Amino acid sequence: MTHTVLAFLASIAPLAVALPIFGAALAFVLRQHSRAQRTITITALSLTLLFEITLLISAATHGAQVVQLGGWEAPFGISMVVDEFSALMLVVSTAVSLAVLVYATAQGMADGDEDGPISIFHPTYLVLVAGVSNAFLAGDLFNLYVGFEILLTASYVLLTLGGTAPRIRAGITYVVVSVVSSLLFLIAIGMIYAATGTVNMADLGLKLGELAPGLQMVLHLMLLAAFGVKAAVFPLSFWLPDSYPTAPAPVTAVFAGLLTKVGVYAMVRTETLLFPGERINTLLMVVALLTMLVGILGAIAQQDIKRMLSFTLTSHIGYMVFGLALGNVVALGATVYYVAHHIIVQTSLFLVTGLIERRAGSSNVDRLGSLAKLSPLLAVLFFVPAMNLAGIPPFSGFLGKLGLMQGGVELGTPLAWVLLVGAAATSLLTLLAIARVWNRAFWRRAADAEDPEPVLLEALGGDTGTTTVATRPRTLPATMVGATAALVLLGVALTVFAGPLFEFSDQAAQNMFERTPYIEAVLGPDAFDGYVPNPASPKMGGQ
């Protein structure tokens, strides 16, 4: 009976991609009927989330499950793999996407769809979710490439919604960087296929180890460079701070939460499944350290909250690369947990920033003040995820960083200790950047701001100094606040349920390091029969 249920769940795993695609098609057909369009998109994502929760429970209980599309067996067909890591990413990404969609829908209704999402937003948004889900489920490199292209194509549209000059300029930069990254990824796929005759990742987990070490290194670095651009690791992160803040608040939130994490996910698969060992761990440690420090130093220099958060986003990608570079189960388990934490918390903060901009008229701290007095609820919604991001005990940010540092202590090399110091410094500087925003935007009197917003002064009952105040929305729709509060509470839940979540993350890390559960799930129990690793290659996990 259990085997039958598992086979059924595996066979319908593509619904995680198909449901958003079907929803997007229907939403596009109903683009002239805004209420029906909103209902379709929210329903499609809700059903997708419920389905993915069943996949997560199944993966946690029974391990990796695979569906071979079209009846072609691996490695010749298209494999979709649901293991602990991919299932967790599916659930977290869709939960966050649903919250942002509800927020965006409420914003659009409140604004009469003038500054909010227009009719094309809903189908494009569902296509973005489908691309993210396809990337997490992909069992071969080309399908992973397809997932990236789906989400990137949708993101081009979302980034330039409204057609303003700043958004078009940011979109051009984003497009050029993304195309270069995708081209590099595609070239790497072609070289890998030429060298091994396959693009199936489980099959590559065996065959790449048979190649000459020099060729392995070239292919390895090409993949990491492509994924590093998408994950925004230093020095490939220059494009992000100028691209994300120009988009509408819901778009910025979902971009910040999800898109870079797909790149991190691909990096984890590359290091644990395709090229196991410690060949480039030193390089990854240096990259992680520079990503953390350069990103957070950039954040401290910003006056705009959205730009500050964009730099902290880059900085905290460094923590994930740090955990991956340490190369032990403790660190990788903490990385799995930290990725889930960061998706939720970073998205929450961008949604709160959208509320600040709506309520006070600006997201520039030079023009803000007295927000705690103006809206105590808004102050709470900012404070909780902000402290979580900074890693203040007992929040999940602290727990995730503590796990990463335990992994560093376990490794115990001089470079690992340098990274531990860098990680601690980055956490303190994050707190400094957050405290600066809190003190200036929430505690300082609005009248003491350098260039206070007239709409803010009027809302607080002060003298605007002008006879005409620009008309701006000053109330917060309950649904927008509710969607933001739901994400903030989900971030708190990561702390409440940290015990079982860390157990799950450690199990996911253990299976990724062993590789055997993944490879045998895709290729069958005889996958390693007759396999003889190249003596010149590093020892591989599971062998």
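I began on one side of helix α2, where F22 and V29 are exposed (exposed is over 50% relative accessible area, buried under 20%, partly exposed in between, with a 1.4 Å probe and protein chains only). I noted that the model is predicted, that local features need pLDDT of at least 70 and side-chain atom pairs 80 or more, and that totals for chains, interfaces and linings use all residues. Residues are numbered from 1 along each chain as its sequence is written, and side-chain values use heavy atoms, without hydrogens and water.

I then looked up the buried residues of α2, which are A16, V17, P20, G23, A24 and A27. Seen down the helix axis, they fall within an arc of 135°, so they line one face of α2 (the arc is that of the directions from the axis to the C-beta atoms). I recorded that their cover includes α3 (34–62), β2 (78–82) and α5 (121–137) (contact means heavy atoms within 4.5 Å). Helices (H or I, at least four residues) and strands (E, at least two) are DSSP runs, numbered from the N terminus.

F148 lies in α6 and F227 in α9, 79 residues apart. I found F148 buried at 2% relative accessible area, and F227 buried at 0%.
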